[in-house]
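Take a look at the chain below. Then follow the text through it, one part at a time.

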Amino acid sequence: AETRARAGGSELVVLDDPVQSLDDAHQVGLARAIERLASSCRVLVASMPSRLVEQIREAVGTPRTIHRLADGDSTRGSRLEGTDAL
């Protein structure tokens with residue numbers, strides 16, 4: 001994805017729960033790769049709380065926004081709990 005984005009092949013890359021089966025060290029490496037990728041296209045990452053989310057929040061220098069979803073319920077569904085523009 002990083003190579004294609006640099007070559008003009010991607011405007012948006014979506015990563016859906018990319019931390020499955022990754023230990024903390026690999027999640028830190030993934031955060032670094034996401035930062036490199038974000039310099040050439042938009043990156044949307046959907047993830048449960050994890051080391052990856054902490055690393056993106058604390059160490060990624062690219063402008064970013066983190067949206068947190070509240071627990072869903074059967075009557076209201078999913079809703080936005082909060083947003084951090086970093």
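**Salt bridges and core**

Arg57 counts as partly exposed, because its relative accessibility is 30%. Keep in mind that this is a predicted model.

Now move to Arg68. Which residues does Arg68 meet in salt bridges? One of them is Glu81, where the closest N and O atoms are 3.9 Å apart. A salt bridge needs a nitrogen within 4 Å of a carboxyl oxygen, so a distance of that kind decides whether a pair counts. The Glu81 pair also links distant parts of the chain. Glu81 belongs to strand S4, and Arg68 belongs to strand S3, residues 65–69. They are 13 residues apart.

Arg68 also meets Asp84 in a salt bridge, at 2.8 Å from N to O. Because Arg68 lies in strand S3 and Asp84 in strand S4, this pair ties together parts that are 16 residues apart in sequence.

Arg57, Arg68, Glu81 and Asp84 are linked in a network of salt bridges. The structure holds 4 salt bridges in total.

Next, turn to the nonpolar residues. How many residues make up the largest nonpolar core? There are 7: Val19, Leu30, Ala31, Ile34, Leu52, Ile56 and Val60. Helix H2, residues 24–38, and helix H3 are the elements that give two or more residues to this core. H2 gives the most, with 3 residues.

Setting aside neighbours within four places in sequence, Leu52 is in contact with Pro18, Val19, Gln27, Leu30, Ala31, Ile34 and Val45.

Stay with helix H3, which runs over residues 51–59 and includes Gln55. Why does Gln55 count as buried? Its relative accessibility is 12%, and buried means under 20%. With neighbours within four places in sequence left aside, Gln55 touches Val28, Ala31 and Val60. Ala31 and Val60 are among the core residues.

Helix H2 also holds Arg36. Arg36 is partly exposed, because its relative accessible area is 40%.

Finally, step back to the whole chain. It has 3 helices and 4 strands. From the N terminus on, the elements run α-β-α-β-α-β-β. The C-alpha trace spans about 45 × 30 × 25 Å along its principal axes.

How much of the chain is buried? Buried residues make up 28% of the 86 residues. The chain exposes about 6,000 Å², and carbon and sulfur atoms supply 49% of that area.

Contacts reach along the sequence too. Among contacts with a separation of 6 or more, 51% join residues 24 or more positions apart.

The chain has 11 positive and 13 negative side chains. The centres of the two sets lie 5 Å apart.

Methods: Residues are numbered from 1 along each chain as its sequence is written. This is a predicted model: local features need pLDDT of at least 70, side-chain atom pairs count only at pLDDT 80 or more; totals for chains, interfaces and linings use all residues. Side-chain values use heavy atoms; hydrogens and water are left out. Buried means under 20% relative accessible area, exposed over 50%, partly exposed in between (1.4 Å probe, protein chains only). Contact means heavy atoms within 4.5 Å. A nonpolar core is a set of buried Ala, Val, Leu, Ile, Met, Phe, Trp, Tyr and Cys residues joined through side-chain atoms within 4.5 Å. Accessible areas come from the Shrake-Rupley method with a 1.4 Å probe; for residues, only the protein chains shown count as cover. Lys and Arg count as positive and Asp and Glu as negative; His and the chain ends are not counted. The place of a charge is taken as NZ of Lys, CZ of Arg, CG of Asp or CD of Glu. A salt bridge is a side-chain nitrogen of Lys or Arg within 4 Å of a carboxyl oxygen of Asp or Glu.
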